[in-house]
Amino acid sequence: MTVCRDCCCGSRTKHPTVDHDAQLDGLREALEPDHRVRTSLCLDVCAQSNVMVVQPSPAARRHGARPVWFGLVADDAVVADLVAWVRAGGPGVAALPAVLELSVITSPVLTGR
């Protein structure tokens, strides 16, 4: 999982009610060492700040699975749903829960940015 933590993602100015450090620590605690959690500089979807990208496993990628992008991940319930989905296998392995479909955004690569 890649978590954007640059200008607006991870910003208390834009999201004053979110403890971004605690969110990242919670993701790492819940997913590592089985799943890598890393941070990134700007992922170029600032309108959808607090962006997270879930990468498929290498085996799932070989079978056509692609990364899934999530935006506006500022709610603990959404984070918990993401963690559960990643633990279940994530892209190409586990079906995306309907509740998470509400947070899916289009990769800037696919939009031509």
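This is a dialogue about how terms are applied to the predicted model above.

Trainee: What are the ground rules for the numbering and for the values?

Mentor: Residues are numbered from 1 along each chain as its sequence is written, and side-chain values use heavy atoms, with hydrogens and water left out. The model is predicted, so local features need pLDDT of at least 70 and side-chain atom pairs count only at pLDDT 80 or more, while totals for chains, interfaces and linings use all residues.

Trainee: In what order do the strands of the open sheet stand, and why is one side of strand 2 and of strand 5 left without a neighbour?

Mentor: The 5 strands run in the order 2-1-3-4-5, with mixed pairing. Strand 2 (38-40) and strand 5 (104-105) are at the edges and have a single partner strand each, so one side of each has no neighbour in the sheet.

Trainee: Which strands does helix 1 touch, and which does helix 3 touch?

Mentor: Contact means heavy atoms within 4.5 Å. Helix 1 (residues 20-31) packs on the sheet and touches strand 1, strand 2 and strand 3 (52-54), and its direction makes about 140° with that of strand 2. Helix 3 (residues 76-88) also packs on the sheet; helix 3 touches strand 3 and strand 4 (68-70), at about 20° to the direction of strand 3.

Trainee: Why are helix 1 and helix 3 called roughly parallel?

Mentor: Two packed helices are described by the angle between their axes and the distance between the axes. The axes are lines fitted to C-alpha atoms, for helices over the stretch in contact, with angles from 0 to 180 degrees between N-to-C directions. For helix 1 and helix 3 the axes come within 10 Å and cross at roughly 25°. Angles under 35 degrees count as roughly parallel, over 145 as roughly antiparallel, 65 to 115 as roughly perpendicular and the rest as oblique. Helix 1 and helix 3 are therefore roughly parallel to each other.

Trainee: Which residues make that contact?

Mentor: Helix 1 supplies Q23, L27, A30 and L31, and helix 3 supplies V79, V83, V86 and R87.

Trainee: How do you know that V73 and S103 are buried?

Mentor: Buried means under 20% relative accessible area, exposed over 50%, and partly exposed in between (1.4 Å probe, protein chains only). V73 has 0% relative accessibility, so V73 counts as buried. S103, at 11%, therefore counts as buried too. V73 is in the loop between strand 4 and helix 3. Leaving aside neighbours within four places in sequence, V73 is in contact with residues including Q23, M52 and V79.

Trainee: What are D44 and L72 called under that definition?

Mentor: D44 has a relative accessible area of 37%, so D44 is partly exposed. L72 is partly exposed at 46%. Phi of D44 is near 70°, a positive value in a residue other than glycine. L72 is not a glycine either, and has a positive phi of about 55°.

Definitions and conventions: Pairing = 2+ DSSP bridges. Helix = DSSP H or I, 4+ residues; strand = E, 2+ residues; numbered from the N terminus.
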